[in-house]
Amino acid sequence: MANGAVEIYKSEEPIPCKVAAGGTVTAGRVVKLSGAASYEVVTGTAASVPLGVAMHDADGNNPDANFCPVALQGVWRLVASGAIDEGALVITGASGKVATIGGGSFAHVVGRAVTASANDNDPIEVLLSVA
């Protein structure tokens with residue numbers, strides 16, 4: 001998903017963020033707050049608390065390319081980390097992908113799968129409900 005996430009339906013304006021120094025984020029991947037500075041994000045890790053979805057690729061090593069708008073709501077085409085059923089609640093998986101909640105915490109829900117995926121790296125449409 002180089003350069004831009006695929007927006008299916010958006011219901012509000014994104015949060016303007018920047019990528020943490022030394023990091024990169026990929027469009028269509030879940031991001032979390034870095035903890036280092038206000039509105040600074042890094043790629044989400046498995047079961048991490050999500051902030052939202054990166055709308056563009058961004059590079060924290062390049063001051064001219066570290067802006068990263070983050071979507072909080074709407075339907076977005078993301079990347080699955082494996083098989084996910086339509087209607088399943090999803091959380092952050094490895095490398096900012098989404099995974100079925102399984103035994104994960106409901107506090108870490110990214111949203112609900114609108115379409116299904118069968119394999120790792122499959123595209124999947126998700127209704128974001130990051131709270």
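Which residues is His 108 in contact with, leaving aside its neighbours within four places in sequence? The legends below describe close-up views of a predicted model.

View A. Leaving aside neighbours within four places in sequence, His 108 is in contact with Ala 47, Ser 48, Val 49, Pro 50, Val 90, Ile 91 and Thr 92. With a relative accessible area of 19%, His 108 counts as buried, because buried means under 20%. The side chain of His 108 also reaches the backbone oxygen of Ala 47, at 2.9 Å.

**View B. Salt bridge between Arg 77 and Glu 125.** Two salt bridges are found in a search of the whole structure. In one of them, the side chains of Arg 77 and Glu 125 meet at 3.1 Å, N to O. This pair links distant parts of the chain, 48 residues apart: Arg 77 lies in strand S9 (residues 73-81) and Glu 125 in strand S13 (residues 120-129). Arg 77 is partly exposed, at 28% relative accessibility, whereas Glu 125 is buried, at 18%.

**View C. Salt bridge between Asp 120 and Lys 97.** The closest N and O atoms of Asp 120 and Lys 97 are 2.8 Å apart. Asp 120 counts as partly exposed, at 43% relative accessibility. Lys 97, by contrast, is buried, with a relative accessible area of 11%.

Terms used: Residues are numbered from 1 along each chain as its sequence is written. This is a predicted model: local features need pLDDT of at least 70, side-chain atom pairs count only at pLDDT 80 or more; totals for chains, interfaces and linings use all residues. Side-chain values use heavy atoms; hydrogens and water are left out. Buried means under 20% relative accessible area, exposed over 50%, partly exposed in between (1.4 Å probe, protein chains only). A polar contact is a pair of N or O atoms within 3.5 Å; within protein, one must be able to donate a hydrogen and the other to accept it, and residues adjacent in sequence count only if both atoms are side-chain atoms. Contact means heavy atoms within 4.5 Å. A salt bridge is a side-chain nitrogen of Lys or Arg within 4 Å of a carboxyl oxygen of Asp or Glu. Helices (H or I, at least four residues) and strands (E, at least two) are DSSP runs, numbered from the N terminus.
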